[in-house]
Amino acid sequence: MTVQAKSPALPKSKIMDNLGRNWYKFSRNSMSIIGLCTVLLVVFLAVFAPWVAPYPEHAGKFVDFANASTSPCRRYLFGTDVIGRDILSRIFFGFRFSLTMGVVVLAVVVPIGVPLGLIAGYNQGTWLDTVIMRITDIFLAVPPLILALAIASVLTPNLTNAMIAVTLMWWPWYTRLVYGLASTLRNEFFVSSAEALGASKFHIIFGEILPNCISPIFTKMSLDMAWVILLGSSLSFVGLGVQPPKPGLGTMVAGGSDYLPEQWWISVFPALAIVVLVLGFNLLGDGLRDMFAAEEV
Amino acid sequence: MTTDILTVTDLKKYFVIGYSDILRREPITVKAVDGISFTVKEGETVGLVGESGSGKSTVAYTTIGMYRPTAGSISFRGQDLFEGKKGRPLALKKEIQIVFQDPGSSLNPRRTIKQIIELPLKIHRRDENRQEQIVQLLEMVELPPDYMQKYPQMLGGGEKQMVAIARALATDPSFIILDEPTSALDVSIQGKIINLLIRLQDEFHLSYLFITHDLSLMRNVASRVAIMYLGKICEVAKAAEFFRNPYHPYTQMLLSSIPVVSEEEEKLKPKKIISTGEIPSPVNIPTGCSFHLRCPEKMAICSRVDPVMVEMEEGHTVRCHLYDQEGGRR
Amino acid sequence: MSTLTGLSASAAPLLEIKDLHVHFDVYGGTLKVLDGVYFTVHSGEKVGLVGETGCGKTTTMKSILRILPMPPARIPGGEIYFKGQDVLKMGADKLRQVRSEGISMIFQDPTAALNPVFTIGQQLGAVVKYSMEGKKLSRKEIREQALIPLKEVSMPDPERMLDSYPIQLSGGMRQRVCIAMALVASRELLIADEPGTSLDVTIEDQILRLLHRLVEEKDVSVILITHTLGVVREMTDRVYVMYAGNMVEVASTEELFARPLHPYTHGLMDAVPKLTGGGVSDGIPGRIPDYLNPPPGCRFHPRCPRAMDICRQEKPRFYKHNDNHEVACFLYQDGSPLRSGGSSDSLPSGSPLRSGGSSDSLPKGTLA
């Protein structure tokens with residue numbers, strides 16, 4: 001009898017093979033690649049804004065009435081606003097707020113929503129299921145934007161509280177998603193096998209069922225980035241998110257709305273930035289869904 | 001002197017699948033298993049045969065603990081498997097394992113083979129040299145150690161089933177339920193798995209409950225065969241006897257429909273009985289003997305009274321009015 | 001649309017597949033699944049196609065109806081003639097006609113083949129409408145037309161059946177509905193892809209008898225695809241054995257079971273558990289080849305107990321053993337190769353395999 005000491009990690013070639021296979025599935029649709037590039041670009045711009053933006057100081061307290069309300073030109077590619085701040089640079093910094101919002105909200109929402117959904121799904125039919133899912137239903141019944149508005153208006157308007165507001169109404173979607181998956185998966189034979197072997201409930205929920213939910217969760221997360229960013233921008237637009245003079249994208253759109261249509265660039269470019277960002281995450285999410293899809297043939 | 005390892009006594013399992021009306025006055029019940037009794041002796045293979053709706057899978061799932069019986073009992077070496085409310089103790093779970101029909105769904109597609117086989121080791125064995133044990137188990141089912149890193153999708157159907165068998169063996173059980181272990185596989189790999197199971201039985205003194213609808217396979221695997229129809233056992237006999245001298249009309253009907261590949265086998269089959277009509281749904285079990293609607297030998301009493309099991313020869317019992325006191329063809 | 005009766009060799013075949021190649025483009029390359037498939041069906045014949053999972057039988061049948069997913073599938077070569085016309089080169093209109101009046105297919109799982117949210121009447125009615133080529137029929141007329149095939153498949157209480165949903169029917173009845181749908185206008189060729197696999201053996205028996213009756217009464221030809229040898233023996237006139245994208249043997253049913261020639265066929269017959277007892281043989285060692293990199297020469301050679309050097313280098317053609325029996329194996333090279341291309345090799349003929357599939361040569365298993 002031979003004893004072979006095998007390292008637990010996959011050999012290098014296997015990892016490359018997996019990556020290659022996943023890229024193949026992802027890249028069938030060129031739109032997904034566009035989405036990926038867009039998101040990567042935005043992340044790059046957000047992270048390196050202080051070094052990449054032409055006028056990084058314009059993102060903070062800065063005033064230059066001499067150059068205020070300049071239309072787009074070579075010096076200010078997207079023009080300047082009424083205080084003379086370069087719109088392009090501010091958009092780069094605005095991406096920071098948007099991405100932060102998306103990441104933080106999801107980082108809080110997923111660890112809450114997913115386990116609840118798993119527990120409810122595995123215990124389908126019991127009181128535990130009923131309690132969890134009815135609470136979820138209550139949260140889902142409230143119109144999202146109104147709930148966010150209500151919460152944000154009670155608290156001091158700023159980015160943090162906007163994030164809290166969105167978080168509170170976002171977690172139920174994950175619970176719902178995972179509940180559906182888990183309640184089906186629990187009837188699979190590999191779950192019955194694990195039970196027959198004597199595995200603990202904890203292992204079954206998190207070791208057997210959860211790995212089979214990862215793909216839809218990731219796909220949803222990507223699409224959710226788009227939604228959360230949109231929601232955050234909406235809150236900023238109505239004055240409940242990022243406060244001026246900070247360059248939140250929604251805030252910038254609101255700030256320029258008084259000056260439409262003559263000084264259109266002040267609102268339009270930040271709005272386009274939101275569109276591009278949201279579209280990028282949507283296309284990326286589609287690509288992820290293709291990537292996770294089971295192979296036929 | 002062989003002892004009984006598994007004793008099933010008057011087992012019943014009913015499922016309520018709905019109600020007759022909105023006021024929930026009368027439940028609609030499926031009597032999946034409706035009073036069966038049999039034993040498995042240490043080291044033997046008992047075969048359970050039946051069509052869909054016969055309840056054979058329900059017997060398997062109840063024995064493994066997925067369901068609790070509605071009535072009756074199952075004992076393992078004298079110990080009731082369903083004692084108490086808390087579920088089966090780990091020590092009993094260790095002894096009784098199951099291999100499911102479809103290895104595609106009985107192996108978690110998101111776990112590696114190593115993780116799949118490691119799970120029972122983690123639960124039941126304290127020792128730390130799991131790596132070694134996994135390699136040993138893979139060797140027992142004739143799979144190379146480098147399969148540990150693979151995912152189930154990378155294996156063929158036969159190989160997946162061998163992993164499922166290795167996993168069942170990992171708890172060092174005494175009794176394994178095999179629920180159609182090769183039905184989902186091609187015939188060219190079926191033999192390898194069956195012969196492996198037979199060798200393992202020899203080596204580890206295992207007892208098997210072998211469930212299949214393939215009578216030709218059953219002929220070569222089981223030492224005793226029981227045939228089920230709509231939740232009840234119709235006939236039990238030693239394998240050779242079962243095929244040589246079937247008493248129950250249903251047994252004869254099934255045996256006459258087996259597709260065989262040679263003339264010699266053809267000669268062994270009973271005269272062709274063409275089954276008419278559909279298999280009744282287990283929700284609507286006919287009164288009296290549940291088989292009477294399809295039975296070519298039906299008598300008046302068959303639609304009124306359910307027959308009881310009688311012993312024709314030693315070890316050969318049948319439940320049919322043709323042979324009991326009332327029908328009188330003994 | 002008259003059909004020829006009888007199996008005279010001079011009559012033109014109803015369906016003829018010549019040298020069909022089908023490839024699938026996937027990650028990592030191309031799956032060369034079908035590697036030169038030949039297949040013929042005459043009118044009024046019941047032809048069996050035996051092969052295991054992954055051998056390409058369903059792919060072949062789907063090619064006939066052109067219902068393969070075209071990316072990733074590709075057909076780099078071959079012809080499929082139905083009543084003399086090449087299906088692969090047909091325009092959309094002609095193809096539709098073939099699908100609605102010439103060839104139809106029933107699938108393995110009748111539950112998946114029927115739409116659960118429509119009644120049987122609605123689904124049958126839809127097929128009737130498509131087959132009527134634009135002639136407008138009233139609802140009543142469609143219903144009447146739909147009853148005809150239901151009666152032909154001996155459905156009890158066909159009127160009530162039209163208003164039932166698939167979920168209310170048993171597996172056997174659903175399969176009969178699928179057969180009825182396949183019969184609505186198609187009267188010439190029925191492809192049955194493992195019709196009994198998801199059914200019980202007694203019900204499968206009924207379905208196969210039904211197909212048998214349809215062939216006799218309606219002059220429908222049937223291609224019966226299965227991996228169960230016993231079914232083929234009872235139900236077909238002629239059998240093709242398929243392995244890894246090639247036909248390896250074709251013979252009349254009687255001839256094939258009496259004298260299986262190809263080592264693969266022999267292995268299959270051996271592997272089936274016998275009612276006579278004696279244990280189960282170990283089956284055929286190895287796995288089906290990787291279609292990304294299929295073995296050179298004969299695709300069966302890595303698993304073949306009688307592989308010779310030439311098997312690793314060249315692909316065998318069909319060699320004629322007798323009037324009813326052809327086999328694609330270098331062991332039977334005496335006699336001229338029957339398919340075009342390449343010069344025939346002048347190797348000495350190998351000895352034919354021991355005939356029959358008797359159980360006396362099986363190892364004894366230990367029965368506990």
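View 1. Of the 368 residues in chain C, 48% are buried, where buried denotes 20 or more other C-beta atoms within 10 Å of the residue's own, exposed denotes 12 or fewer, and partly exposed lies in between, with C-beta atoms placed from the backbone. This is a predicted model, in which local features need pLDDT of at least 70 and side-chain atom pairs count only at pLDDT 80 or more, whereas totals for chains, interfaces and linings use all residues. Residues are numbered from 1 along each chain as its sequence is written, while chains are lettered from A and ligands numbered from 1 in the order in which they are written. The secondary structure of chain C amounts to twelve helices and twelve strands, taken as DSSP runs numbered from the N terminus (helices are H or I with at least four residues, strands are E with at least two). Among the contacts in chain C with a separation of 6 or more, 63% join residues 24 or more positions apart; two residues are in contact if their C-beta atoms, placed from the backbone, lie within 7 Å.

**View 2. The two domains of chain C and the contact between them.** Chain C is divided into domain 1 (15–236) and domain 2 (246–357), with bounds that come from an automatic or database domain assignment. The C-alpha centres of domain 1 of chain C and domain 2 of chain C are 29 Å apart, and the contact takes 16 residues from domain 1 and 13 residues from domain 2. On the domain 1 side, the elements giving two or more residues are strand 2 (29–41) and helix 9 of chain C, and strand 2 gives the most, with nine residues. By class, this side of domain 1 has eight nonpolar, five polar and three charged residues, where Ala, Val, Leu, Ile, Met, Phe, Trp, Tyr, Cys and Pro count as nonpolar, Asp, Glu, Lys and Arg as charged, and the others, Gly among them, as polar.

**View 3. The side of chain C that touches chain B.** The contact takes 41 residues from chain C and 39 residues from chain B. On the side of chain C, two or more residues come from each of helix 7 (171–183), helix 8 (201–218), helix 9 (229–235) and helix 11 (263–271), and the largest share, five residues, belongs to helix 9 of chain C. This side of chain C has 15 nonpolar, 18 polar and eight charged residues.

**View 4. Helix 4 of chain C and its packing.** Within helix 4 of chain C, the residues C:Ile120, C:Gly121, C:Gln123, C:Leu124, C:Gly125, C:Val127 and C:Val128 are buried, and the buried residues of this helix pack against helix 5 (139–152), helix 6 (158–162) and helix 7 of chain C.

**View 5. Cis peptide bonds in chain A.** A:Pro244 and A:Pro245 are joined by a cis peptide bond with omega of about 10°, and A:Pro245 is placed in the loop between helix 10 (214–237) and helix 11 (249–257) of chain A. The peptide bond from A:Leu260 to A:Pro261 is also cis, with omega near -5°, and A:Pro261 lies in the loop between helix 11 and helix 12 (265–292) of chain A.
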